[in-house]
Amino acid sequence: MLLKDRVAIVTGAGRGIGKAIALAFAREGADVVVADINLDEAEQTAREVRELGRGSLAVKVDVRSREDVDDLVAKTVERFGVIDILMSNAGVSSMECVIDMPEERWDFNMDVNLKGTFLVTRAVAKQMIRQCSGRIICTASAAGKSGTPTQAHYNASKHGVIAYAKSLALELAPLGINVNSVCPGTVRTSMQEREAAWSAELRGGDAKPEDIKEEYVSFTPLGRLEEPEDVAKVAVFLASDYAAFMTGQAVNVTGGLVNTE
Amino acid sequence: MIFGCSGDVGKTICKRFSEEGYSVVVADLKREAAEALASDMNNAVGMGADVRSREQVDRVIGKALKECGKIDVLVNCSRAALFKETVDLTEEEWDTLMDYNAKGTYHIVQSALKSMIDNSYGTIIGVASRAARSSPAKLSAYSASMNAVIGFFRGLSCEVRDRNIRVNALCPGYVEHEELLLGAELTGNEPPEEGTYIQFSPFLDIDNEARGIADMAVYLAGEHGRSINGQAYGLWDDEVTYLRNLGLEAEVW
């Protein structure tokens, strides 16, 4: 097991990529604190972690709230004593062209994806600095390295996550804490279901969500939709000793969709 | 239409566009600075605007459209930076940098975009930073905001490419102590020491760099730049020299 007896926090772990990561960490021997804005879903993931024989705790967290984030760290340390791994994963998206983009949508994407990353990593970093050890992994996106129409705000937030994590990596490196990002492509999640439906609607005509998903596949050199487990495997690697000498990196997990730095 | 002239980059960009014969409307958080710069140039107007306020941005852009009839080139040089460890960064400081650098860009672009679409013409240039590419320690919020600008532009460039509008970013090195002063002022911190940035750019020649960045802005806005869209150009130390050696300077001049 690659993460035996480590303690991990995964935000946005009620479903999708976060849930897959929480379960993958548990399979590798970690206790996992499951944070999500939806407590019912967090509790479900926590149950599944326990079924794998690992300790778990479900915490309701809105990553935009400093109080919620502080509460998450306090509860984790109270229950497990340390935080070895943080997977800062909670994220949202929406789709609209810039010309029609309401300010609230800009704020929504930036606040959850980027400011949420800042608030969670800052709070956890304080604990990791006391321990002089830790791994922080941020879920960025292929959208953190390229642009897509109707998602300029989401692109902005994910570009921000990558740059932020690089700075943080340099600050925390002397303290024995590694910070990396993982950049998924088009992952089969509820977010993808929504985006495919929005894309079809924005495009008008006869476009159907299924057609959009087929396009995702056709753009992906490895020729299939990405699964949450594809991201989870790389998250496990980044959290493990195999990645001990990696920090400040933004790793693409896109089936070849993104092949730039 | 140029936002932000408190630093050397903004000032030099304004002057270069003016030298090229453009009518320049320049807006800055400090109205007096914009007015003083405008009084030094032909066909220029200076105004005050806080880019964090949509209302103020709309007012300035509305006035530019009224005075000049159209906006061919929109440049944002409004930048604020804060040099501080991330664990000590307050939520308010984070918000201030994000609002000024990233959301300010969104306000400016969205406010001017409609008239550019109506004209089927326009060039948008954002001055980001080298920090967007290789984020240094103690500049995490600034780096995040600058890379957010690039991400925003990359998405936007896909949306407007069929409308003869081009969107690009320039990434200067650490040339502007003024952005650190502004960041400290906006967040209520002590002004940083002179030379805080020098550690990142030991071979810095500020005049040369500001001029190189302004040359590139003029290049992107002109005929030669008509096929360039969705790019973020690194323009620091060696890159500026490199472009000059390529003869770009001669072409621009």
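Predicted model: local features only at pLDDT ≥ 70, side-chain atom pairs only at ≥ 80, totals over all residues.

Modeller: The expected span of a helix is 1.5 Å times one less than its number of residues; helices (H or I, at least four residues) and strands (E, at least two) are DSSP runs, numbered from the N terminus. Residues are numbered from 1 along each chain as its sequence is written, with chains lettered from A and ligands numbered from 1 in the order in which they are written.

The buried residues run from Gly16(A), Ile17(A), Gly18(A) and Lys19(A) through Ala20(A), Ile21(A), Ala22(A) and Leu23(A) to Ala24(A), Phe25(A) and Ala26(A). Just after H1(A) comes Gly29(A), whose phi is positive at about 100°.

Helix H7 of chain B (residues 206-221) may be set beside it. The 16 residues of H7(B) should span 22 Å, and this agrees with its end C-alpha atoms, which are 23 Å apart. Because 12 of its 16 residues are buried, H7(B) too is largely enclosed by the rest of the structure. Among the buried residues of H7(B) are Glu209(B), Arg211(B), Ile213(B), Asp215(B), Met216(B) and Leu220(B).

The loop between helix H6 (177-187) and H7 of chain B holds Thr196(B). With 17 other C-beta atoms within 10 Å, Thr196(B) is partly exposed. Leaving aside neighbours within four places in sequence, Thr196(B) is in contact (C-beta atoms, placed from the backbone, within 7 Å) with Phe83(B) and Leu180(B). Thr196(B) and Phe83(B) stand 113 residues apart in sequence, yet their C-alpha atoms are 8.3 Å apart.

Most residues other than glycine have a negative phi. Two residues here have a positive one: phi is near 70° in Thr150(A) and near 50° in Asn43(B). Thr150(A) belongs to the loop between strand E5 (134-139) and helix H5 (152-172) of chain A and is buried, having 23 C-beta neighbours inside 10 Å. Asn43(B), placed in the loop between helix H2 (31-39) and strand E3 (44-48) of chain B, is exposed, with 12 other C-beta atoms within 10 Å.

Between the chains, 38 residues of chain B are in contact with 37 residues of chain A. On the chain B side, helix H4 (91-119) and helix H5 (140-160) each supply at least two residues, and the largest share, 16 residues, comes from H5(B). By class, the chain B side has 20 nonpolar residues (Ala, Val, Leu, Ile, Met, Phe, Trp, Tyr, Cys and Pro), 7 charged (Asp, Glu, Lys and Arg) and 11 polar (the others, Gly among them).

As to confidence, the complex receives from the predictor an ipTM of 0.92 and a pTM of 0.93. The average pLDDT of chain B is 91, with 91% of the residues scoring at least 70. Residues 247-253 of chain B, however, have a pLDDT below 50; this stretch has 9 contacts in the model beyond near neighbours in sequence.

Methods:
Contact = placed C-beta atoms within 7 Å. pLDDT = per-residue confidence, 0-100. Buried ≥ 20, exposed ≤ 12 C-beta atoms within 10 Å, placed from the backbone.
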